[in-house]
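Please keep the model open while reading.

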Amino acid sequence: MCGIWALFGYDTTDVTQFTCALTMAHRGPDCFRFENVSEMRNAKLAFHRLEVVGNVGGMQPMRLQQLPHLTLICNGEIYNCRKLKEEFAFEFESTSDCEVILHLYDKFGAEVCDLLDGVFAYVIVDTREYRVIISRDTFGIRPMFYYVTKDGQMGVCSEVKGESEFIHTSPGCGGSPDILGLRCTDPTITNNDKNIRTLMTNAVEKRLMSYRRVGSLLSGGLDSSLVAAITAQKLRERGVEQPIQTFSIGVESSPDVIAARKVAEHIKSEHHEVTFSPQEGIRALEETIFALESYDVTTVRASIPMYLISRYISENTDTIVIMSGEGADELAQGYIYFHKQPSPQEGDIESKRLLTDLYLFDVLRTDRSTAAHGLEVRAPFLDHAFVSYFLSLPASKRMPQVSVDGVEKHLLRSSFDGTNLIPTEILWRRKEAFSDGVTSKKRSWFEILQEHIDSMISDEELDKARENYPFHTPRTKEALFYRRTFESKFGSKLSKLIPYQWLPRWTGSDDPSARVLAHYQN
């Protein structure tokens with residue numbers, strides 16, 4: 001996790017640009033560099049570094065003696081770096097995994113990302129061809145915003161706050177390959193359980209690439225529990241003597257905290273339980289929205305506990321790289337509303353839509369909440385090989401298996417059944433949304449937030465919402481408060497960063513919480 005920043009064609013002072021670049025300092029607390037590209041007029045690059053791979057040799061902007069016309073800034077990890085280096089006999093000048101991007105560009109041109117297995121957002125400046133290439137990984141796990149003006153000015157940054165002073169229209173999000181274009185494993189292979197276990201294990205193992213300590217978020221649900229357990233297992237196999245640190249968060253009597261404790265005991269982790277009060281969560285609301293750069297209701301709700309636990313990890317431990325179960329619900333149809341899908345085909349379409357838009361919601365939440373505190377999050381469930389294989393299986397196998405036991409993600413659960421990787425009761429624990437599971441069923445987190453916000457927004461303000469916010473008009477006081485807070489920090493011009501509000505399909509519900517759905521109550 002690092003922060004990249006680039007600006008092309010602006011005559012503003014270096015002080016102004018430098019100040020803007022510094023707004024993303026949290027993404028790279030270990031080192032910062034701000035440079036001109038001498039061969040191009042008004043071209044500036046900045047890089048905030050969190051040292052995870054490459055040690056001293058990983059500092060950027062990166063230039064190579066053998067390729068002096070190329071400059072790279074990249075936020076990412078390239079898991080197949082060594083394989084590519086050996087396959088094409090590249091002569092490396094550093095210990096950075098990102099260096100392979102420059103060699104690949106020199107050899108193959110702009111289609112570099114087709115060869116990469118990893119997560120990345122990068123900018124290549126080619127002064128010989130006088131062009132700039134930007135690219136982002138499929139799911140936007142490493143974020144990238146860009147904009148181009150009619151006058152030919154251009155900006156690129158990891159977080160929109162880094163260049164909000166220069167943006168006059170809503171930026172786009174760099175690179176968005178179609179998930180259907182991922183390299184697929186042979187779908188004719190019939191041993192699905194074994195393949196799922198093998199690919200998931202490989203996805204976790206490749207993400208252990210780090211010389212900093214690796215930990216794992218642990219909500220006590222299926223996804224984070226599997227990731228934490230495999231991570232702990234692989235670290236032990238590598239001879240790492242320190243037990244993995246796992247982290248859960250919740251208020252008193254939180255079902256997530258209780259479940260996470262059972263998993264931690266099972267995998268023998270050094271477990272940290274973070275308890276927060278409703279008042280602490282509410283106090284963190286506005287700073288969380290600023291870190292998020294979003295006003296989406298479900299994203300804000302879920303981000304507050306993640307923001308708080310990330311702050312705890314940063315202030316109280318030496319863990320820097322954080323494993324997460326993000327992506328499993330979108331891929332494996334884990335949300336409760338998937339029980340209402342009209343057909344397997346409709347469920348498949350919805351699953352792929354969610355994966356395509358992850359960078360707007362859950363991936364955004366995990367990146368910004370952790371990056372705000374100098375941590376790097378990794379999501380094995382969004383591994384290319386794993387996603388490709390899982391999506392190649394029949395849609396009817398990926399949907400909730402009502403005829404079996406009515407549980408969502410049955411295919412994923414059954415693949416690990418009998419392995420004793422995590423407790424059986426956790427393996428088959430039904431879905432509990434993170435923003436709900438941190439509080440008791442008697443008083444959900446969203447109800448606590450709504451009660452607080454109700455006293456801060458008048459009925460008259462809500463009545464005028466359509467007049468004041470014609471784009472994505474807030475329909476509740478909660479939504480209006482988030483929108484108002486967002487625009488107080490970023491202005492109305494960036495409201496289109498969120499093209500729609502996340503809501504469950506096929507239910508008719510106006511609230512994103514799973515606890516309001518009839519299936520949850522049964």
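How many bridges join strand 4 to strand 5? Two bridges join them, and strand 4 (residues 62-64) and strand 5 run antiparallel. The model is a predicted one. A hairpin of two residues leads from strand 4 into strand 5, and leucine 64 stands opposite leucine 67 in strand 5.

On strand 6 (residues 118-126), strand 5 has another antiparallel partner, joined to it by nine bridges. Among the residues involved, cysteine 74 has tyrosine 122 of strand 6 as its bridge partner. Strand 5 spans residues 67-78, and eleven of its twelve residues are buried, so strand 5 is largely enclosed by the rest of the structure.

Two single residues can be set side by side.

Apart from neighbours within four places in sequence, aspartate 97 is in contact with Val53, Gly76, Glu77, Ile78, Cys81 and Met209. With isoleucine 78 the side chain of aspartate 97 makes an approach to the backbone nitrogen, at 2.8 Å. An unreviewed UniProt entry carries the annotation "binding site" for Asp97.

Beyond its neighbours within four places in sequence, alanine 43 is in contact with Leu7, Phe8, Glu35, Asn36 and Val37. Glycine 28 is 15 residues from alanine 43 along the chain, and their C-alpha atoms are separated by 21 Å.

The last element is a helix. What distance separates the end C-alpha atoms of helix 4? They are 21 Å apart, which agrees with the 21 Å that the 15 residues of helix 4 (residues 192-206) should span at 1.5 Å a residue. The buried residues of helix 4 are Asn192, Asn195, Ile196, Leu199, Met200, Thr201, Ala203 and Val204. An α-helix has 3.6 residues a turn, so residues three or four places apart point the same way. Against which elements do the buried residues of helix 4 pack? They pack against helix 5 (222-237), strand 14 (319-323), helix 13 (384-392), helix 14 (395-398) and helix 15 (410-415).

Conventions
Residues are numbered from 1 along each chain as its sequence is written. This is a predicted model: local features need pLDDT of at least 70, side-chain atom pairs count only at pLDDT 80 or more; totals for chains, interfaces and linings use all residues. Side-chain values use heavy atoms; hydrogens and water are left out. Buried means under 20% relative accessible area, exposed over 50%, partly exposed in between (1.4 Å probe, protein chains only). Helices (H or I, at least four residues) and strands (E, at least two) are DSSP runs, numbered from the N terminus. Two strands pair if DSSP finds at least two bridges between them. Contact means heavy atoms within 4.5 Å. UniProt positions are given in the numbering used here, feature names are shortened, and annotations may be inferred rather than shown by experiment. A polar contact is a pair of N or O atoms within 3.5 Å; within protein, one must be able to donate a hydrogen and the other to accept it, and residues adjacent in sequence count only if both atoms are side-chain atoms. The expected span of a helix is 1.5 Å times one less than its number of residues.
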